[in-house]
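Please look over the sequence and the structure below before reading on.

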Amino acid sequence: MMAPRRSSESELHAFVDGELTADERAEVEAALASSPQALELVRDVREINDALRQRYAGRLSEPLPPALHKPLARLGRRPVAPFATLARWAAAAAVVMAAGAAGYGARGLLAETRRSEAAFVTTALGAHTVYVPEVRHPVEVKADEAHLVRWLAKRVGADVRAPALGSLGWRLMGGRLLPDQGLPAAQFMYEDASGRRLTLYVRKETGLNNTSFRFHEKDGFGAFYWIDRPLAYALSGRLSRDELMNLANVVYAQLEAQEAGKASGGQAQ
Amino acid sequence: MTTRREAVAAEIPRLRRYARALLGDDGEADDLIQDTLERALARLPQWRDGDNPRKWLFSILHNLHVDGLRRKSRRPPHVGLESLGVDQSSPSADGASGRDLDHALQLLSGEQRQVVLLVGLEGLSYAETAEVLDIPVGTVMSRLARGRERLRTLMDYEGGDRNGRASLRRVK
């Protein structure tokens, strides 16, 4: 090459990094043919980049550690956070007062809560296992019918939304309305390219306190569930706990972001 | 604001990947990410529309990292692997196993490591990298060349048994 050695080395890096114009690329390609040393450098740099991506690829798909859940949630919830916090304190205070008044009655209250949460996730997982194997009628209303979400939101009586999981490879198939102890519940079903199915089950919940993610597993099916009043959610599938957790994180972040957008008069659809 | 928040949330896995490779330690990396998110959150209103979220977040992360280094420099020096008796003398057969790569990266200067990772791992352009690190593009290029040259030596890419390595390449 005509250029002095120093700039030529930088040029080789720029070649690998896609920083050159078409003309410059052609020049470098021609130079590579006659310089084994230059070719070696280009190969090595590519190999280093491949090795880096391979080494740290896990970070892109693994679930977020618990320490990051808080900022992630605030990322969606910020405009309403002070009120939510206040409400939570009030609820906590009410529990403490009730516990103080009723003595060890608090233990009963807690057990009651656990039972209700268990009932919720059991129903959600049950609905999952019933409808997921359906070949011809997996959903009641297909995703391409615009009124799916509007209809379910109206029937459930709350702002129910179907998160977009397309970027993770999950296509929304549609949804259905279900009875849950006499209350209407919504189920959204997703499918990935390999035919695996995932459901998000949503029901109104005003009796129980908000919870963080909880995991429930039965017969190879797993479900992450959480309560974010006025709604309770369960994300179910025959997936590894990690994969399900990752999806739950994304669903949660999206719902929170939409909620916050709505609260601040944003443009959530 | 909604779309901004979603954009920030979507970048978290990449930020974590970079922080882990940069710091070589899971706990420290996630501490840095937590701080980055907190600061991003506080500055969300200042984010101009059209700003690239990735560049913006990596800049925040970088500044926090530099602040952290300044604070740390007053503490006792970092205990290196060598002083813990970790054997560095025998690179594994393929020279590219994960631990070797982790280790080799940590032997680069911090400045070299940043550019090698931002360009090679995260795929940022030279111009974006220059903005994130707040240095001229020419500096990005020289640090990149030096950093990669060091990695080649450390990973035994240069001057090693070329025939042996070539066959390994084919096996891979």
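What percentage of the 172 residues of chain B count as buried? In this predicted model, the share of buried residues in chain B is 44%. Chain B is built from eight helices and zero strands, and read from the N terminus its elements run α-α-α-α-α-α-α-α. When contacts in chain B between residues at least 6 apart in sequence are taken, 66% of them join residues at least 24 apart.

The buried residues of α5(B) are B:Gln112, B:Arg113, B:Gln114, B:Val115, B:Val116, B:Leu117, B:Leu118, B:Val119 and B:Gly120. One of them, B:Gln112, has a relative accessibility of 13%, and it counts as buried because the limit is under 20%. Leaving aside neighbours within four places in sequence, B:Gln112 is in contact with B:Arg143, B:Arg146, B:Gly147 and B:Arg150.

The next step is the packing of helices. Two packed helices are described by the angle between their axes and the distance between the axes. For α5(B) and α6(B), the angle is about 135° and the axes are 10 Å apart. The two helices are therefore oblique to each other, and their crossing is right-handed. On the α5(B) side the contact involves B:Gln114, B:Val115, B:Leu118 and B:Val119, which meet B:Tyr126, B:Thr129, B:Val132 and B:Leu133 in α6(B). By class, this contact of α5(B) with α6(B) has six nonpolar, two polar and no charged residues. The spacing of such positions can be read against helix geometry. An α-helix has 3.6 residues a turn, so residues three or four places apart point the same way.

Helix α6(B), residues 126-133, also packs against α7(B), here at an angle of about 100° with the axes 8 Å apart. That angle makes α6(B) roughly perpendicular to α7(B), because 65 to 115 degrees is the range for this class. The contact is made by B:Tyr126, B:Ala127, B:Thr129 and B:Ala130 of α6(B) with B:Val137, B:Val140, B:Met141 and B:Leu144 of α7(B). The residues of the contact of α6(B) with α7(B) divide into seven nonpolar, one polar and no charged. In the loop between α6 and α7 of chain B lies B:Asp134. This residue is not a glycine, yet the phi of B:Asp134 is positive, near 60°. B:Asp134 is exposed, with a relative accessible area of 70%.

Helix α7(B), residues 137-154, also takes part in a contact with the other chain. Helix α3 of chain A, residues 36-56, packs against α7(B) at an angle of about 85°, with the axes 10 Å apart. α3(A) and α7(B) are therefore roughly perpendicular to each other. From α3(A), the residues A:Glu40, A:Leu41, A:Asp44, A:Val45, A:Ile48 and A:Asn49 meet B:Arg148, B:Glu149, B:Leu151 and B:Arg152 in α7(B). The residues of this contact of α3(A) with α7(B) divide into four nonpolar, one polar and five charged.

Which residues have the most contacts inside the largest nonpolar core? They are A:Leu52, B:Ile33, B:Trp56, B:Leu105 and B:Leu117, in a core of 61 residues. Helix α1 of chain B, residues 2-23, supplies the largest share of this core, nine residues. A second, separate core has 32 residues, among them A:Val156, A:Leu244, A:Met245 and A:Ala248. Not counting residues up to four places away in sequence, B:Leu105 touches A:Leu52, A:Tyr56, B:Ala21, B:Arg113, B:Leu117 and B:Leu151.

Two backbone features of chain A remain. A:Asp219 has a positive phi of about 50° although it is not a glycine, and its place is in the loop between β5 (214-218) and β6 of chain A. With 61% relative accessibility, A:Asp219 counts as exposed. The loop between β6 (221-228) and β7 (231-237) of chain A holds A:Pro230. A cis peptide bond joins A:Arg229 to A:Pro230, with omega about 15°.

Methods
Residues are numbered from 1 along each chain as its sequence is written. Chains are lettered from A and ligands numbered from 1 in the order in which they are written. This is a predicted model: local features need pLDDT of at least 70, side-chain atom pairs count only at pLDDT 80 or more; totals for chains, interfaces and linings use all residues. Side-chain values use heavy atoms; hydrogens and water are left out. Axes are lines fitted to C-alpha atoms, for helices over the stretch in contact, and angles run from 0 to 180 degrees between N-to-C directions. Helices (H or I, at least four residues) and strands (E, at least two) are DSSP runs, numbered from the N terminus. Angles under 35 degrees count as roughly parallel, over 145 as roughly antiparallel, 65 to 115 as roughly perpendicular and the rest as oblique. Contact means heavy atoms within 4.5 Å. Ala, Val, Leu, Ile, Met, Phe, Trp, Tyr, Cys and Pro count as nonpolar, Asp, Glu, Lys and Arg as charged, and the others, Gly among them, as polar. Buried means under 20% relative accessible area, exposed over 50%, partly exposed in between (1.4 Å probe, protein chains only). A crossing is left-handed if the near helix is turned anticlockwise from the far one by less than a right angle, and right-handed if clockwise. A nonpolar core is a set of buried Ala, Val, Leu, Ile, Met, Phe, Trp, Tyr and Cys residues joined through side-chain atoms within 4.5 Å.
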